[in-house]
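Reader: Hi! I have a structure open and would like to talk it through with you. Could you start with the terms and then walk me around?

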Amino acid sequence: YRIIGSICDSCNYESFPKFNTCPKCKSHDISDKEMPHTGKIISYTLSYESMPGFEHELPMSIGLIKLDNGVNIVSQLVDSEVEDIKINANVKSVFRKINADGNSGQIYYGYKFKVINA
């Protein structure tokens with residue numbers, strides 16, 4: 001699994017999600033760029049209300065992560081004790097089930113992040 005964003009080949013600006021026009025220099029000379037799998041929490045919240053299908057994940061921890069390349073990404077924080085989720089905590093991406101379609105049984109996977117000891 002990979003987290004794919006963009007890099008501007010003109011000014012080296014990196015971003016996630018992907019973009020077609022560089023927001024910094026307006027270039028269209030853009031390439032895919034794999035984002036780092038590690039970073040730090042710069043902000044977070046704990047949600048005690050859920051969207052349908054996520055009731056079993058309460059409280060749901062959502063973090064604003066600054067990846068090691070400086071790109072910010074929003075992600076659910078999983079596999080972590082609530083007391084370990086704090087600003088400047090080190091995190092790494094993990095591949096997890098997001099949801100399953102009840103009718104077809106199709107399972108949707110994606111990235112989430114977990115606190116790691118550095």
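Author: Happy to. Buried means under 20% relative accessible area, exposed means over 50%, and partly exposed is in between, with a 1.4 Å probe and protein chains only. This is a predicted model, where local features need pLDDT of at least 70, side-chain atom pairs count only at pLDDT 80 or more, and totals for chains, interfaces and linings use all residues. Residues are numbered from 1 along each chain as its sequence is written, and side-chain values use heavy atoms, with hydrogens and water left out.

Reader: Thanks! So is Asp79 buried, exposed or partly exposed?

Author: Asp79 is partly exposed, because its relative accessible area is 48%. Asp79 is in the loop between β6 (72-77) and β7; strands here are DSSP runs of E with at least two residues, helices are runs of H or I with at least four, and the numbering goes from the N terminus.

Reader: Which residue forms one with Asp79?

Author: Arg96 does, and the closest N and O atoms are 2.4 Å apart. Arg96 lies in strand β7 and Asp79 in the loop between β6 and β7, so this pair ties together parts that are 17 residues apart in sequence. Arg96 is partly exposed, with a relative accessible area of 29%.

Reader: And what does Lys33 pair with?

Author: Lys33 forms a salt bridge with Glu14, with 3.2 Å between the closest N and O atoms. Since Lys33 lies in strand β3 and Glu14 in strand β2, the pair ties together parts that are 19 residues apart in sequence. Glu14 is buried at a relative accessible area of 19%, whereas Lys33 counts as partly exposed at 27%.

Reader: What about Asp32?

Author: The side chain of Asp32 meets that of Lys18 in a salt bridge, 3.1 Å from N to O. That pair links distant parts of the chain, 14 residues apart: Asp32 is in strand β3, and Lys18 is in the loop between β2 and β3. Asp32 is exposed, with a relative accessible area of 52%, while Lys18 counts as partly exposed at 49%.

Reader: Let's switch to sheets. What is the strand order in the open sheet of three strands?

Author: The order is β2-β1-β3, with antiparallel pairing. Two strands pair if DSSP finds at least two bridges between them. The edge strands β2 (14-15) and β3 (30-34) each pair on one side only. Strand β1 (residues 4-8) is joined to β2 by two bridges, and Ser6 has Ser15 in β2 as its bridge partner.

Reader: How many bridges join β7 to β8?

Author: Nine, and the two strands run antiparallel. They form a hairpin with six residues between them, where Gly105 in the turn has a positive phi of about 80 degrees.

Reader: Nice. How many aromatic pairs does the structure hold?

Author: Four. Rings of Phe, Tyr and Trp (its six-membered ring) pair if their centres lie within 6.5 Å; planes under 30 degrees apart count as stacked, over 60 as edge-to-face and the rest as tilted. The rings of Tyr13 and Phe19 are tilted, because their planes are at 45 degrees, with centres 6.0 Å apart. Tyr111 and Phe113 are edge-to-face, at 6.2 Å centre to centre and 80 degrees between the planes.

Reader: Which residues form one aromatic cluster?

Author: Phe16, Tyr111 and Phe113. Phe113 is buried, with a relative accessible area of 0%, whereas Tyr111 is partly exposed at 26%. Phe113 also brings us back to Asp79: the two are 34 residues apart in sequence and 8.3 Å apart in space, C-alpha to C-alpha.

Reader: One last thing: what does the side chain of Lys112 contact?

Author: It makes a polar contact with the side chain of Gln76 at 3.0 Å. Such a contact is a pair of N or O atoms within 3.5 Å; within protein, one must be able to donate a hydrogen and the other to accept it, and residues adjacent in sequence count only if both atoms are side-chain atoms. Lys112 is found in strand β8 and counts as buried at 4% relative accessibility.

How values were computed
A salt bridge is a side-chain nitrogen of Lys or Arg within 4 Å of a carboxyl oxygen of Asp or Glu.
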